[in-house]
Amino acid sequence: MDAAPSFSLFSSAVSIRLHSDESSWYSGRVIFCLDYIVFTLRLIHIFTVSRNLGPKIIMLQRMMIDVFFFLFLFAVWMVAFGVARQGILRKNEHRWEWIFRSVIYEPYLAMFGQYPDDIDGTTYNFDHCTFSGNESKPLCVELDANNQPRFPEWITIPLVCIYMLSTNILLVNLLVAMFGFTEPSIYFLPESFPFSIFSFLFVGILLQPCQWS
């Protein structure tokens, strides 16, 4: 990981903190926190010279590529379920932040076991929604002639079951299988790790100042 992102974030945070208004102080603090994350992750490179931790760090980097392909497949399931769920339960939702929560955020949480509570009339609570859309609450579902939630439970509940089955079991096990394929594909010669120490010192001490000169 290059040092440029860490130094650029730190410089931006310092320049913003020099302003006297309160909003600039808060923005600078947020950037400082993000810079701390980048700086801490850079410390992982120190342990690449270890004979035991070095291969595991390389495996972790390779597995991040597998996670990227997994997220691509998961996004297809997530958007398909989220858009269908939003269109079935609600209409005329004009607030983009709540559309994002209903289409992306809540289906994402469902992958971790959080069951949505707006697909079944027996568990739906009107105190947690708004009819006008002027409050900081999700839009209520459509009502029938008797002012009861118009839940097509014959389609919403099977959709949730199929979605959670495909994401929690199929896709997660696919990710585990991809990890299992990535791990044996990395081979290291244990004798080469002592030379990695000299390589790390050479790059960090001799070449790094040359990049800034």
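Biologist: Which residues does Tyr163 touch, not counting residues up to four places away in sequence?

Modeller: A contact is a pair of heavy atoms within 4.5 Å, and on that reading Tyr163 touches Phe74, Trp77, Met78, Phe81, Pro107, Tyr108 and Ala110, with residues up to four places away in sequence left out. This is a predicted model, in which local features need pLDDT of at least 70 and side-chain atom pairs count only at pLDDT 80 or more, whereas totals for chains, interfaces and linings use all residues. Residues are numbered from 1 along each chain as its sequence is written, and side-chain values use heavy atoms, with hydrogens and water left out.

Biologist: Which residues touch the most other members of the largest nonpolar core?

Modeller: In soluble globular proteins, nonpolar side chains tend to be buried together. A nonpolar core is here a set of buried Ala, Val, Leu, Ile, Met, Phe, Trp, Tyr and Cys residues joined through side-chain atoms within 4.5 Å, where buried means under 20% relative accessible area, exposed over 50% and partly exposed in between, with a 1.4 Å probe and protein chains only. The largest core has 17 residues, of which Phe70, Phe74, Tyr124, Val160 and Tyr163 touch the most other members. The elements giving two or more residues to this core are helix H3 (53-89) and helix H5 (153-182), helices being DSSP runs of H or I with at least four residues, numbered from the N terminus.

Biologist: Is Phe74 buried or exposed?

Modeller: Phe74, found in helix H3, is buried, because its relative accessible area is 2%. Leaving aside neighbours within four places in sequence, Phe74 is in contact with Pro107, Tyr108, Met111, Tyr163, Thr167 and Leu171; Phe74 and Leu171 are 97 residues apart in sequence, yet 7.2 Å apart in space, C-alpha to C-alpha.

Biologist: Which side chains meet in a salt bridge?

Modeller: A salt bridge is a side-chain nitrogen of Lys or Arg within 4 Å of a carboxyl oxygen of Asp or Glu, and by this rule the count comes to one. The side chains of Arg85 and Glu106 form the pair, at 2.4 Å from N to O. Arg85 lies in helix H3 and Glu106 in helix H4 (residues 96-110), so the bridge ties together parts that are 21 residues apart in sequence. Arg85 counts as buried at 5% relative accessibility, while Glu106 counts as partly exposed at 27%.

Biologist: How many disulfides are counted?

Modeller: A disulfide is a covalent bond between the sulfur atoms of two cysteines. With the criterion of a pair of cysteine sulfur atoms within 2.5 Å, the count comes to zero.
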